[in-house]
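Biologist: Could we go through this model together? I would like to discuss some side-chain contacts and then the sheet.

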Amino acid sequence: MADRYTSLIGLELDAPVADVGALVHAAIEAGDLDRAAPVRDEGTVAQEVNWGGRMQKAVVRHFSDVDPLLLRTETYVGADGIVQGLQRQAGLLEVLARRLDVGVLAVRDVSAMATWDTAWMHRVAIGVVEHADAIATRVEGEGTWWVRTHGAARFDVPDLELYGLHRDQVEPATALLAHVHTQLLDRGLRGQLALRDGTPIHLVPVLEAWEDLPLDWPGIGRAGRDRGEGLDGPRATVSILHRPRFGRYRKDFDGVLAALAGS
């Protein structure tokens, strides 16, 4: 497995870390980390570490130019899944927090664009992990709504979006995206996906979907080539899967919206 540091979770700090190398080596001496090496010429601000007796690595990196200050861990969790992947990364955060001589204000999940208190880190580190701990949902709109997720791409599946929702469809849309993600995480991208009532559905990349949706809906067209923070990874929406006509798949986004009423 190639190292792909796609899960980014850090500790928000009340003061800077003077030397990340010294921090991780203190953790090695305490038996909490296995080994470490500087990242290129960034030894005082970034170290690559191994922990837990595994070959899988992470980078520990300090950011002094953000507010609050951030000590971020960067690792790959796709092969481990939501529970074991986040548990392992939260355990690394705990190791670092124990060796810090500065205060920890909060935990920032950069991948999911979520901020948690330190109790979240301790809970996840013992394996008490819920879907929302790994994949966050955002809602935006007024009159017409846009629901989207953040954090799923680090588990090797696309984040999901739904557009053109009425306010009373937001809650079932959120439940539907969680339902689809559960199937994706269990079956992979090649597995058959379905609505809660069993209706087969198909993933459509968001940029492709925009060709068939009103451009004035929230979340569509607004970003163009630059989708903005947190929206530049693999993302898809869903369409009901009909039998192809003339060898082509017909997209049915309206069918998904109509089905939300019965979700």
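Biologist: Which residue lies over the face of W146?
Modeller: This is a predicted model, and in it R148 lies over that face of W146, at 4.1 Å from the ring centre.

Biologist: And what sits over the ring of W145?
Modeller: The charged end of R167 does, 4.7 Å from the centre of the W145 ring.

Biologist: How many aromatic pairs does the structure hold?
Modeller: It holds one. The pair is formed by W116 and W120, with ring centres 5.3 Å apart and planes at 15°.

Biologist: Why is that pair of W116 and W120 called stacked?
Modeller: Planes under 30 degrees apart count as stacked, and the planes of W116 and W120 are at 15°, so the pair qualifies.

Biologist: Is W120 buried or exposed?
Modeller: W120 is buried, with a relative accessibility of 3%. W116, at a relative accessible area of 24%, is partly exposed.

Biologist: Turning to the open sheet, what is the order of its six strands?
Modeller: The order is β8-β9-β10-β13-β12-β11, and the pairing is mixed. β8 (136-142) and β11 (193-194) are at the edges with a single partner strand each, so one side of each has no neighbour in the sheet.

Biologist: How many bridges join β11 to β12?
Modeller: Two, and these strands run antiparallel. A194 stands opposite P200 in β12. Five residues lie between the strands of this hairpin, and G198 takes a positive phi near 95°.

Biologist: And how do β12 and β13 run?
Modeller: Antiparallel, with five bridges joining β12 (residues 200-205) to β13 (residues 235-240). L203 is opposite V238 in β13.

Conventions
Residues are numbered from 1 along each chain as its sequence is written. This is a predicted model: local features need pLDDT of at least 70, side-chain atom pairs count only at pLDDT 80 or more; totals for chains, interfaces and linings use all residues. Side-chain values use heavy atoms; hydrogens and water are left out. Two strands pair if DSSP finds at least two bridges between them. Helices (H or I, at least four residues) and strands (E, at least two) are DSSP runs, numbered from the N terminus. Rings of Phe, Tyr and Trp (its six-membered ring) pair if their centres lie within 6.5 Å; planes under 30 degrees apart count as stacked, over 60 as edge-to-face and the rest as tilted. Buried means under 20% relative accessible area, exposed over 50%, partly exposed in between (1.4 Å probe, protein chains only). A charge sits over a ring if NZ of Lys or CZ of Arg is within 6 Å of the ring centre and within 35 degrees of the ring normal.
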